[in-house]
Amino acid sequence: MKTVRDPEIHNLRELELVIQGIPGYRTPRLRLEQYVTDSNIVAVAVWDAHMRNYLTNARVLDLGCGTGRFAIAAALMGAAQVLCMDIDQDALDTARKSASNYNLNNVDFIVEDVRNLELMGKFNIVFQNPPFGIWTERGDSI
């Protein structure tokens with residue numbers, strides 16, 4: 001994949017097109033209920049945060065980031081620092097590669113089950129599209 005440098009994003013549709021270019025899971029894991037969040041959903045959420053000036057110089061947390069769609073979009077739209085966290089190393093490898101393709105050096109990646117994490121510090125905004133219990137009984141642990 002070629003390196004993309006500083007895409008000019010002037011509107012919601014341009015953001016959505018950039019997000020469409022972020023790959024999904026190579027091998028989705030059913031027990032983790034992995035699916036790719038639709039690019040329009042990501043674009044609307046991130047664009048709304050951008051328009052409200054929530055992302056400018058912000059610290060952003062993306063819990064269960066998967067392949068990094070929310071995290072990368074937030075970084076491209078002005079976040080100062082983005083923490084991209086997921087339990088799946090393969091998904092984070094995809095996210096890391098996509099961030100590198102956009103020359104984003106303000107996105108950090110942590111492989112961790114968010115249920116076991118103790119975060120210190122403050123975040124201005126959190127994105128999360130969690131599993132909804134579609135493939136497992138609600139309350140079942142992974």
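At what angle do the axes of helix α1 (residues 12–20) and helix α3 (residues 69–76) cross? In this predicted model, the two axes cross at roughly 135° and come within 10 Å. The arrangement of α1 relative to α3 is therefore oblique, since an angle has to be over 145 degrees to count as roughly antiparallel. The crossing of these two helices is right-handed. On the α1 side, the contact is made by L15, V18, I19 and Q20, and on the α3 side by R69, A73 and L76. By residue class, the contact of α1 with α3 comprises five nonpolar residues, one polar residue and one charged residue.

Three salt bridges were counted in the model. E16 is buried, with a relative accessible area of 12%, whereas R13 is partly exposed at 45%.

A salt bridge also joins D93 and R96, with an N to O distance of 3.3 Å. Both residues belong to helix α4 (residues 89–101), and their spacing of three residues again corresponds to about one helical turn. D93 has a relative accessible area of 31% and is partly exposed; R96, at 35%, is likewise partly exposed.

In the salt bridge between R52 and D48, the closest N and O atoms are 2.9 Å apart. R52 is partly exposed, with 48% relative accessibility, and D48 is partly exposed, with 36%.

Note on methods:
Residues numbered from 1 in each chain as written. Predicted model: local features only at pLDDT ≥ 70, side-chain atom pairs only at ≥ 80, totals over all residues. Heavy atoms only, no water. Axes fitted to C-alpha atoms, helices over the stretch in contact; angles between N-to-C directions. Helix = DSSP H or I, 4+ residues; strand = E, 2+ residues; numbered from the N terminus. Parallel < 35°, antiparallel > 145°, perpendicular 65-115°, else oblique. Left-handed = near helix turned anticlockwise from the far one by under 90°. Contact = heavy atoms within 4.5 Å. Nonpolar A, V, L, I, M, F, W, Y, C, P; charged D, E, K, R; others polar. Salt bridge = Lys/Arg side-chain N within 4 Å of Asp/Glu carboxyl O. Buried < 20%, exposed > 50% of the residue type's maximum accessible area, 1.4 Å probe, protein only.
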